[in-house]
Amino acid sequence: MNDLSDGDFLPLLPLRNSVLFPAAVVPVNVGRKRSVRLIEQVEANERALIVAVAQRSHETEDPDFDDLYEVATVARILKIIRLGSKSYSVVLQGMSRCRITEHGQFDPYLSARIEPVNVPRPADPVEVDALAAHLRETARRHFERMPAPRRDTPTIVENVKEPGALADLVASNLTIPTSTKQSVLETVDVRERIRAVLDIVQRQSEVERVRKEITTMVEEEMSRSQRELILRQQLKAIRQELGESDDDEEELEELRDRVAHANLPPDAEKAARKELRRMSSMASASAEYQVARTYVEWLLDVPWNVLTPDKLDVATVRRVLDEDHFGLERPKRRIVEQVAVRKLRRDGRAPILCFIGPPGVGKTSLARSIARAAGRAFERISLGGVADEAEIRGHRRTYVGAFPGRVITALKKAASRNPVIVLDEIDKLGRDHRGDPSSALLEVLDPEQNKEFVDHYLDVPVDLSQVMFIATANQRDKIPWALLDRMEVIEIPGYTRDEKKAIAREFLVPKQLSEHGLTPNELEFSDEAIEHLIDAYTYDAGVRRLEQNIAAMCRAVAVDFAQGVGEPRVADPAFVEKVLGPPKHVRERPERTARAGVATGLAWTPAGGSVMLVEATQMPGTGKVQLTGRMGEVMQESVQTALSYLRSKSEQFGLPADFLSSLDVHVHMPEGAVPKDGAAAGLPVLVALASLLTRHAVRPDIGMSGEVTLRGNLLPVSGVKEKCLGALHAGIHDVVLPERNAPDLEELPPDVRESMHFHLVSHVRDVLPLVLEGTLPSTLA
């Protein structure tokens, strides 16, 4: 077994995780049964030859011939060291490459017939020498940069002159997979072998370079952290020596910890960390420190990622709206539609709703019901009298006492990114030298812009796209048009007398009894009492004043029960007057008898509709026209227009052409302390003047509203529903309206439409026969 010739059978020693190259000397631990029997067989002859062959998989515990590579290395056993009863350490020296050509015995150890692998001479020795020199230099630098280089490796590399042996030596000392080393062993051509090993060394060098860079960066970061820790400990010791408290440092650490765990957006986190770095170098007693701390706390308090799950059940939403509000069918239907769309498409942007109606009709409470039905937080922002743009956008931090705007403040209070926020009294925004709040609201209420709303105080984008904004207002014409264009308007008109009665019976009375600790048996409201409260003590389109009066009656009874002298009571009109005093409001009533020069107009007010008498009288004079009753400019022009129409049609009215030359005309609107304006008074003014001049009385049971042109045409007016309800409350069942207002009548409750008679006309000549009594001139009849 000492000499090798072509076709000899030699013992095979499988190597689990290594490859033996020619000329290499390596120790191998032997512990598997067949390998141990092989070593015991050749133990007496330490110079014996064997074949060291690598396994294809290191996981194979008992390899067969198929588990071994075909190209191997003939090795000489230099030394055998017994480690235990069944384990040895064997020092092998690689001799030459060989190829397994025939399988031999399987027991007691593996053997095979082999043949030598002849290495051809290089075709271009000069190129091979140049490649070898390059490999030698590259390998030397690589081994010197290794974390734990062998001392003799660079020297051995320098001393090996034969190119093929150099490639084998370098490959055997590289930390590469067994399959890669086997590939080098199987590469017979010296030139190709050197190129392959050179590529491996260069790749390993690059990997080592990147590893060292990463290690250096980590070590530098750790050194910086350790340095900061040491400095903070020293700073803590210095503060203790100076008698200063550690509370400030603990506060900073707490803020740092909150920032680290708050999952802030990148811009907000960057701003917070920047302020914390500044605070660490400030004196805690300085004003600037307090400003920075307040800013960081605001950044942490904004609910950047908190969303309230929506309850998008249409039936539940409808039930909640019906529980909280009586009537209001159109607003309820629109809200249910919005919830249904939101349920079908959750990523859709909700429109901005604007509830417009008189005070006390339930605009804000309707928004509160929407929040309750949808399971969202509710916040209210009162905009009445707000004249500073900073109230919306926030104050810049350069100002003393700066704070975020009301929108960000509402988000913080709601603790949610998708609350319902009511912008109350949006029609009462102010404007002065500090800016225009309505312009600032344009960004808030624009679905295309509010995804990145920037508050001046926070100075980082805040997503408002998930917020459901609901605006409320009393008058549409007071809202800036650009702001109104971004909102979907839902009109909430006043309640009818019957609706107020139902609301009082079903909602207000039970609510006030509960709030005052009373039971229905202790205080019962009769229908007559509720009607008397509505007619004599309230003068608004809503039910706010009605609720206040019911509360006053509950308080009066609660006092008796608290003193121990109370007894069950049924509230009637007499009891109402005893508690509330004489009737507070006497509605303007139409004339009970027909009079010339007195017409009944219909007016719209923020509190709802009402009747408005127009009185006209004449006296000898020179053609002067006197107007009283605090008429506005538009109403004054309506009087002038009516007179001009009568003068232009004097012949048709049976009047002299110069009838104004010998008399003066006085037009008056009662309730002179109340300002009045609007073009809708044109028709009752013209009727009053025509009645005065033609001596034909006006029917007292008919109301009218309409704008009159110089040609006598009637133009449509607004507030038709409120005006009709006001007429009905005053006992008027006949109403004259412009023909173009016919679609507005569909908004009236069915019972109101059935109890009233509407005259839709397009010209003054169609009006006069309806409203004037007596025989009219043939030109007017």
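Which are the buried residues of helix 19? I put this to a predicted model, and I list Leu546, Glu547, Asn549, Ile550, Ala551, Ala552, Met553, Cys554 and Val557 as the buried residues of helix 19.

I then looked up the helix itself: helix 19 runs over residues 544-562, has 19 residues, and reaches 26 Å from its first C-alpha to its last, close to the 27 Å expected at 1.5 Å a residue. After helix 19 I come to Gly564, whose phi is positive, near 85 degrees.

Next I asked what covers the buried residues of helix 19, and I found that the cover includes helix 17 (497-515), strand 14 (523-525), helix 18 (527-537), strand 15 and helix 20.

The crossing in which helix 17 passes helix 19 is right-handed. From helix 17 I have Lys500, Ala504, Leu508, Val509, Lys511, Gln512 and Leu513 meeting Leu546, Glu547, Ile550, Ala551 and Cys554 of helix 19; sorted by class, this contact has 8 nonpolar, 1 polar and 3 charged residues.

Last, I looked at Asp572, which I find in the loop between strand 15 (569-571) and helix 20 (573-580). Asp572 counts as partly exposed because its relative accessibility is 33%. Leaving aside residues up to four places away in sequence, I see Asp572 touch Ser526 and Ala529. From Asp572 to Leu483 I noted 89 residues in sequence and 48 Å in space, C-alpha to C-alpha.

Key
Residues numbered from 1 in each chain as written. Predicted model: local features only at pLDDT ≥ 70, side-chain atom pairs only at ≥ 80, totals over all residues. Heavy atoms only, no water. Helix = DSSP H or I, 4+ residues; strand = E, 2+ residues; numbered from the N terminus. Buried < 20%, exposed > 50% of the residue type's maximum accessible area, 1.4 Å probe, protein only. Contact = heavy atoms within 4.5 Å. Expected span 1.5 Å × (residues − 1). Left-handed = near helix turned anticlockwise from the far one by under 90°. Nonpolar A, V, L, I, M, F, W, Y, C, P; charged D, E, K, R; others polar.
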